[in-house]
Amino acid sequence: MKIYVAGGWFNPEQEKALTIVEDTVKKTNHSHFMPRHMNLGTDGVDWQKIFDANIQHLDDCDLVVASTEGKDMGTLWECGY
């Protein structure tokens with residue numbers, strides 16, 4: 001099973017909640033994709049390429065697990081997709 005872990009990390013409450021979700025998923029024997037740790041943007045990064053990669057991971061996953069703390073719109077979009 002492939003798990004996509006979604007969630008915002010843009011304030012302390014979101015970061016804490018997402019860390020709990022990520023740590024729980026890491027304890028499973030399933031492969032996972034965690035955008036927060038795997039899409040490290042820097043100056044000059046191609047954000048379209050990151051978005052496209054996230055979509056590919058969403059298409060390939062079997063399950064989306066999300067922290068909805070703070071109702072991050074990107075996370076909600078990923079869940080709806």
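This is a predicted model: local features need pLDDT of at least 70, side-chain atom pairs count only at pLDDT 80 or more; totals for chains, interfaces and linings use all residues.
**Exercise 1: Lys71**

*Solution.* 
Step 1: Look at the backbone. Lys71 has a positive phi of about 50 degrees, although it is not a glycine.
Step 2: Check the accessibility. Exposed means over 50% relative accessible area.

**Exercise 2: Arg36 and its partners**

How many salt bridges does the structure hold, and which residues are linked in a network of them?

*Solution.* 
Step 1: Recall the idea. Side chains of opposite charge can pair when their charged atoms come close.
Step 2: Count. The structure holds two salt bridges.
Step 3: Take the pair of Glu15 and Arg36. Their closest N and O atoms are 3.5 Å apart. Glu15 belongs to helix α1 (residues 12–26) and Arg36 to helix α2 (residues 35–38), so this pair links distant parts of the chain, 21 residues apart.
Step 4: Take the pair of Glu22 and Arg36. Here the closest N and O atoms are 2.5 Å apart. Glu22 lies in helix α1 and Arg36 in helix α2, so the pair ties together parts that are 14 residues apart in sequence.
Step 5: Glu15, Glu22 and Arg36 are linked in a network of salt bridges.

**Exercise 3: Inside or outside?**

*Solution.* 
Step 1: Buried means under 20% relative accessible area. Arg36 has 11% relative accessibility, so Arg36 counts as buried.

How values were computed. Residues are numbered from 1 along each chain as its sequence is written. Side-chain values use heavy atoms; hydrogens and water are left out. A salt bridge is a side-chain nitrogen of Lys or Arg within 4 Å of a carboxyl oxygen of Asp or Glu. Helices (H or I, at least four residues) and strands (E, at least two) are DSSP runs, numbered from the N terminus. Buried means under 20% relative accessible area, exposed over 50%, partly exposed in between (1.4 Å probe, protein chains only).
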